[in-house]
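Student: I have a protein model open and I'd like to learn how to read it. Could you take me through some features?

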Amino acid sequence: MLDSSLAYESIFVARQPIFRTDLTVWGHELLFRSSDQESAIITDAAQATSSVIADGFSLASEGLPRTTRILINFPEKLLLSDIAFALPPDVCMIEVLENVPPTPAVLKALTRLKDAGYGIALDDFVGQPELLPFLEYADIVKIDILGMEGDLSKTDAVLDMLPDRGPLLLAEKVEDSNLLAPLGELGFSLFQGFFFSRPVIIPGKKLSSNEMTRLQLLEELGRSDFHLRRLTEILKADPNLSYRLFRYINSVSLGLRYKVTSLDRAVAFLGERQIRQWLHTAILADLNPAPKAGELASMSVQRAKFLESLCNTDALKSCQPDAMFTIGLFSLLDAMLDVKMDDILTTLPLDDEIADALTGRNPLHSLLGLASSYEKGLWRDTAEALRLLNLDMRQGDLLYARARHWAQKALGAGLGE
């Protein structure tokens, strides 16, 4: 049973990726709230808010390359307090919320930030006349595509309001991947939204033999009678994974006095738990060579650990942890492979309960909705889903924060160069 009073983290962070045109990750936006509230943190206590932002940044940036930019939302009070100077200007960008008025005091605060080397992003610009003074300061302008119902003529009209040689354009709330190309033609170079997690169905596409092998290996990892010897035999048939495993095992970061010289010794040295972590992340990322795969792999592993951890609560104490882990782990395979989930499941000998949960025919599917609401920063949806499970916010946040930390460690092992 989970002790919900256990203090693990004082804040919670959702991390939403921002992609370039080629779908490589440019950065992330952070969405904050406290453990016992549903909405984004806006507090009158400058010192407490500074602690929240600083701690949240450290938490969310764990495992990210130093070159990854991070956008942090700033309401008016935070801008005026100058607490942004606690964040590194080479990594963090200050995102001015759309409800911040361009008062002389706010513009002076932005001048101080710009002079100190901070980048400024203007959120949700749709041509509001009152926000025009911010354009002089903005390095990035975020335009809500969903809010304009995907009407590119409306978007073009907003772009006409921007100065020549203006800021970078970021299209946010992009839900349809078909919009990426036309938005790129309009000048957008950054994209944010959940288009990347939705599959683009290609009629007639089938899984390649390599993809089939990787899926079967994932299934082997999920078996209750999992054995390292059997796993070693499977790895011997995959030179790519074996090479990457050796590269990881023989890395200086492990502090080994002697290099591992055989695959058997490499697998035995890592042990069951660590080899599971490494293979889960490496295989998921390999299922689709597109740059988005790394982000989807991270989300999948995070979901898997989160759903598994729900079995430690009173609400779901009768569930099977291995089954829950598998549901979360496979929940984004359709997006990663660009193949319908029903077609994928015909290639895997999964239990009916797991298959039905993945396709929405089992009540356990609602747990994937809970994980998704955390990922998207939909705090009210999160609160309602937790209420239905008889879990409080603090308990849910604790489980999800631990799952995120576990996934970040696993990703660092499986996907690092």
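Tutor: Let's go from the whole chain down to single residues.

Student: What should I know about the model before we start?

Tutor: This is a predicted model, where local features need pLDDT of at least 70, side-chain atom pairs count only at pLDDT 80 or more, and totals for chains, interfaces and linings use all residues. Residues are numbered from 1 along each chain as its sequence is written, and side-chain values use heavy atoms, with hydrogens and water left out.

Student: How many helices and strands does the protein have?

Tutor: Helices (H or I, at least four residues) and strands (E, at least two) are DSSP runs, numbered from the N terminus. Here you get 17 helices and eight strands.

Student: What share of the residues is buried?

Tutor: Buried means under 20% relative accessible area, exposed over 50%, and partly exposed in between, using a 1.4 Å probe and protein chains only. Of the 417 residues in the protein, 53% are buried.

Student: Which strand is joined to β3, and how do the two run?

Tutor: Two strands pair if DSSP finds at least two bridges between them. Strand β4 (residues 92–96) is joined to β3 by five bridges, and the two run parallel. Look for N73, which sits opposite E95 in β4.

Student: What do β3, helix α2 and β4 make together?

Tutor: They make a right-handed β-α-β unit, with α2 covering residues 76–81. To check the hand, point the strands away from you: a crossover is right-handed if the path from the first strand over the helix to the second runs clockwise.

Student: How do I describe two packed helices?

Tutor: You give the angle between their axes and the distance between the axes. Axes are lines fitted to C-alpha atoms, for helices over the stretch in contact, and angles run from 0 to 180 degrees between N-to-C directions. Helix α11 (residues 321–330) and helix α14 (residues 352–359) pack at about 35°, with axes 10 Å apart. The contact (heavy atoms within 4.5 Å) is made by A323, T326, I327 and F330 of α11 with I354, A357 and L358 of α14.

Student: Where does F125 lie, and is it buried or exposed?

Tutor: F125 lies in the loop between β5 (119–122) and β6 (140–144). Its relative accessibility is 0%, so F125 counts as buried. Not counting residues up to four places away in sequence, F125 touches several residues, including L131, V141, I143 and L162. K142 is 17 residues away along the chain, yet the C-alpha atoms of F125 and K142 are separated by 6.1 Å.

Student: What about phi angles?

Tutor: Most residues other than glycine have a negative phi. L23 is not a glycine, but has a positive phi of about 65°. L23 is in the loop between β1 (11–20) and β2 (25–34), and is buried at 19% relative accessible area. N390 also has a positive phi, about 60°, without being a glycine. N390 lies in the loop between α16 (379–388) and α17 (393–415) and is exposed, at 68%.
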